[in-house]
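Hi,

Here is the structure I said I would pass on to you. Have a look at it first, and then read my notes below.

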Amino acid sequence: MNKDISKIYFSAEDIKVKITEMAKELDAVYEGEEVLFVGVLKGSLPFFVDLARCVSFPVMFDFICASSYGSSTHSSGTLKITKDLSTSVEGKNVLVVEDILDSGNTLFNLFAHLSKQNPKSLKLCCLLDKPSRRERDIKADFTGFTIPDEFVVGYGLDYAERYRELPYIGILKSEVYENR
Ligand SMILES: O=P(O)(O)OC[C@H]1O[C@H](OP(=O)(O)OP(=O)(O)O)[C@H](O)[C@@H]1O
Ligand code: HPA
Ligand SMILES: [Mg+2]
């Protein structure tokens, strides 16, 4: 285990099992359809690739790079899009793939941006949901794990750009924040 982690919430195996379950749910909804997966960089990357390889319908990939946290553990409330999609979403089944729904600011703003472009369908798939911190009226159509109000890292999730590479999801020792 990484020396800065105090507790593992979800092991690599837990995540794998959950993604298999989520893929079955998606297969039931999208059977016979082609779906554009929109990954929200950077945090969604590990989940995006693992999920895309698990579903049975054809998937197209696109990415949007959006951030509302910077190097803080609190949402700034405003969304900065640093890279937009490279394809049109018009007339397509769009599934936004995200690592975490927390305050909801990122996805609320992103959904406003995407729904203006007339997709055939627009749904949200999040590995983690932290409903106790919600500031916006937004719900995921597909959710992996619901978690309490704790700042988690690993499997794409960062603290100040670190820990994204960990294969599990956990929480940091308090001294990691104190020493910054
Ligand atoms: O519901 P919210 O409170 O908006 O939080 C969720 C968003 O925050 C994180 O991204 P971040 O802005 O840190 O960028 P990153 O994906 O590059 O880490 C996370 O990956 C989600 O995109
Ligand atoms: O708990 C979290 N961890 C990392 N990034 C995040 N962005 C929103 N919530 C979180
Ligand atoms: Mg982040």
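This is a predicted model: local features need pLDDT of at least 70, side-chain atom pairs count only at pLDDT 80 or more; totals for chains, interfaces and linings use all residues.

The mean pLDDT of the protein is 94, with 96% of the residues at 70 or more. The scores for the model are ipTM 0.97 and pTM 0.95.

Let's begin with a sheet. Three strands, in the order S1-S9-S8, make up an open sheet with antiparallel pairing. Strand S1 (5-10) and strand S8 (152-153) are the edge strands, since each of them pairs on one side only. If you follow S1 alongside strand S9 (residues 169-172), you'll find an antiparallel pair held over 4 bridges. To find your place in that pair, look for Lys7, which stands opposite Ile171 in S9.

Now for the inside. Which residues have the most contacts inside the largest nonpolar core? They are Val38, Leu95, Val96, Val97, Cys125 and Cys126, in a core of 39 residues. Strand S5 (residues 93-101) gives the most to this core, namely 6 residues.

Most peptide bonds are trans, and most residues other than glycine have a negative phi. The bond that joins Leu41 and Lys42 is cis, with omega about 5°. You'll find Lys42 in the loop between S2 and H2.

Asn118 has a positive phi, near 55°, and is not a glycine. Look for Asn118 in the loop between helix H3 (105-115) and S6. Is Asn118 buried or exposed? Asn118 is exposed, because it has 12 other C-beta atoms within 10 Å.

Ala160 also isn't a glycine, and its phi is positive at about 50°. Ala160 sits in the loop between S8 and S9. This residue counts as partly exposed, because Ala160 has 14 C-beta neighbours inside 10 Å.

While you're in that loop between S8 and S9, find Glu165 too. Glu165 has 11 C-beta neighbours inside 10 Å, so it counts as exposed. From Glu165 to Gly154 is 11 residues in sequence, and the two are 6.3 Å apart in space, C-alpha to C-alpha.

Last, take a look at ligand 2. How many residues surround ligand 2? There are 8, and the closest are Ile100, Asp102, Phe151, Val152 and Leu157. The shell around ligand 2 is made up of 6 nonpolar residues and 2 charged ones, with no polar residues.

Happy exploring!

Note on methods. Residues are numbered from 1 along each chain as its sequence is written. Chains are lettered from A and ligands numbered from 1 in the order in which they are written. A residue is near a molecule or strand if its C-beta atom, placed from the backbone, lies within 6 Å of it. Ala, Val, Leu, Ile, Met, Phe, Trp, Tyr, Cys and Pro count as nonpolar, Asp, Glu, Lys and Arg as charged, and the others, Gly among them, as polar. Two strands pair if DSSP finds at least two bridges between them. Helices (H or I, at least four residues) and strands (E, at least two) are DSSP runs, numbered from the N terminus. pLDDT is the predictor's confidence in each residue, from 0 to 100. A nonpolar core is a set of buried Ala, Val, Leu, Ile, Met, Phe, Trp, Tyr and Cys residues joined through C-beta atoms within 7 Å. A residue is buried if 20 or more other C-beta atoms lie within 10 Å of its own, exposed if 12 or fewer, and partly exposed in between; C-beta atoms are placed from the backbone.
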